[in-house]
Amino acid sequence: MTLNEWRKKNKLSYYNLGQMLGYKGINPATNAQRICLTVGNDKRFPRPHIVEKIREITNKEVDYKDLYEAYLKATK
């Protein structure tokens, strides 16, 4: 399951997910959206501490392998 699928399943906005991941600032939604849409144009992979936070808040439903596979597809 991707992080974006998990977010939708749990009816979370990008803003709320960003807050759950510990992003602060003017708009935590931006960082959360970039991670969720890794396959899109941004081609970003989250930092290791964010990957661990994702695994924690999703009860490992979204694993680092899913995130890494999405990253690999985006960078090819």
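Biologist: Which side chains meet in a salt bridge at 3.7 Å, N to O, with Glu-52 as one partner?

Modeller: In this predicted model, the side chain of Glu-52 meets that of Arg-55 in a salt bridge, with 3.7 Å from N to O. The two residues are 3 apart in helix α4, so they are separated by about one helical turn.

Biologist: How many salt bridges does the count come to?

Modeller: The count comes to 3 salt bridges. Another of them joins Glu-56 to Lys-53, whose closest N and O atoms are 3.7 Å apart, and both of these residues lie in helix α4, 3 residues apart, or about one turn of the helix.

Biologist: And how accessible are Glu-56 and Lys-53?

Modeller: Glu-56 counts as exposed because its relative accessibility is 52%, and the cut-off for exposed is over 50%. Lys-53, at 26% relative accessibility, counts as partly exposed.

Biologist: What does Glu-61 pair with?

Modeller: The side chain of Glu-61 meets that of Lys-9 in a salt bridge, at 2.7 Å from N to O. This pair links distant parts of the chain, 52 residues apart, with Glu-61 in the loop between α4 (48-57) and α5 (64-75) and Lys-9 in helix α1 (residues 3-9). Both ends are partly exposed, Glu-61 with a relative accessible area of 34% and Lys-9 with 46%.

Biologist: Staying with α1, where is the nearest side chain of opposite charge to Arg-7?

Modeller: Arg-7, which is found in helix α1, is buried yet has no salt bridge, and the nearest side chain of opposite charge, that of Glu-5, is 11 Å away.

Biologist: What does the charged end of Arg-7 sit over, then?

Modeller: The charged end of Arg-7 sits over the ring of Tyr-14, 3.8 Å from the centre of that ring. Leaving aside residues up to four places away in sequence, Arg-7 touches Leu-12, Ser-13, Tyr-14, Leu-17 and Cys-36.

Biologist: How many aromatic pairs are there?

Modeller: The count of aromatic pairs comes to 0, so the ring of Tyr-14 is described here through the charged end of Arg-7 that sits over it.

Biologist: Switching to α2, what can you say about Asn-16?

Modeller: Asn-16 has its place in helix α2 (residues 14-20) and is partly exposed, with a relative accessible area of 34%. Its C-alpha atom is separated by 7.9 Å from that of Pro-28, which is 12 residues apart from Asn-16 along the chain.

Biologist: How many helices and strands does the chain have?

Modeller: The chain has 5 helices and 0 strands, and from the N terminus on its elements run α-α-α-α-α.

Biologist: What radius of gyration does the chain have, and what would a compact globule have?

Modeller: A compact globule with 76 residues would have a radius of gyration near 11 Å, and the chain has 11 Å, which agrees. Taken along the principal axes, the C-alpha atoms fill a box of roughly 30 × 25 × 20 Å.

Biologist: What share of the residues counts as buried?

Modeller: Of the 76 residues, 37% count as buried. As for contacts with a separation of 6 or more, residues 24 or more positions apart account for 44% of them.

Terms used:
Residues numbered from 1 in each chain as written. Predicted model: local features only at pLDDT ≥ 70, side-chain atom pairs only at ≥ 80, totals over all residues. Heavy atoms only, no water. Salt bridge = Lys/Arg side-chain N within 4 Å of Asp/Glu carboxyl O. Helix = DSSP H or I, 4+ residues; strand = E, 2+ residues; numbered from the N terminus. Buried < 20%, exposed > 50% of the residue type's maximum accessible area, 1.4 Å probe, protein only. Phe/Tyr/Trp six-rings, centres within 6.5 Å; stacked < 30°, edge-to-face > 60°. Lys NZ or Arg CZ within 6 Å of the ring centre and 35° of its normal. Lys, Arg positive; Asp, Glu negative; His and termini not counted. Contact = heavy atoms within 4.5 Å. Rg over C-alpha atoms; globule rule 2.2 N^0.38 Å.
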